[in-house]
Amino acid sequence: MSALPVILVDADACPVKDEIYRVAWRLEVAVKVVSNSRLRIPDHPLIERILVSDGFDAADDWIAAAADARSIVITADILLADRALKAGAVVLAPNGKPFTAASIGPAIATRAIMADLRAGGDQIGGPPPFSKADRSQFLQALDTALVRMKRLS
């Protein structure tokens, strides 16, 4: 493989954009920040803003179409993670946990169960608050994934 890795960010609700930029600059990796609203991004040649329509799943569709074996997709969206994995991408949640072929099926099933419970009127809590430990775990996971990819290129 000769193509350099690229980071595709599902950016509208991503809490680790600054961390992504720092790792990308250090390792000289391109970042595509995909959103349906205009977000501020650093003025840097490695960082590109991709502004999509506000249509349902427009950012997800763009990312899924762009994802391949040289991509690292950053998303908390389980269905987008599934699509990106099927395209061959490495997929990380903002807390650093990887989505894998082994973990995506149970994650989709849990998502469906939770949606059914909410639809039935059950009051269920959301995910725990984002923590410093999550941020640290994310930085380590992104760095590890990029170093591994760059070695293969």
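I started at Gly88, which follows helix α3 and has a positive phi, near 95°. Helices here are DSSP runs of H or I with at least four residues, strands are E runs of at least two, and both are numbered from the N terminus.

A note on what I am reading: this is a predicted model, where local features need pLDDT of at least 70, side-chain atom pairs count only at pLDDT 80 or more, and totals for chains, interfaces and linings use all residues. Residues are numbered from 1 along each chain as its sequence is written, and side-chain values use heavy atoms, with hydrogens and water left out.

Next I looked at the other end of α3. Asp77 caps the N-terminal end, with a side-chain oxygen 2.9 Å from the backbone nitrogen of Leu79. I then listed the buried residues (under 20% relative accessible area, 1.4 Å probe, protein chains only). In α3 (residues 78-86) they are Ile78, Leu80, Ala81, Asp82 and Ala84.

Stepping back, I found five helices and six strands, in the order β-α-β-β-α-β-α-β-β-α-α from the N terminus. Of the 153 residues, 38% are buried.

What does Ile72 contact, beyond its neighbours within four places in sequence? I found Val6, Ile7, Leu8, Val90, Leu92, Leu142, Ala145, Leu146 and Met149, counting heavy atoms within 4.5 Å as contact.

Definitions and conventions
Buried means under 20% relative accessible area, exposed over 50%, partly exposed in between (1.4 Å probe, protein chains only). A polar contact is a pair of N or O atoms within 3.5 Å; within protein, one must be able to donate a hydrogen and the other to accept it, and residues adjacent in sequence count only if both atoms are side-chain atoms.
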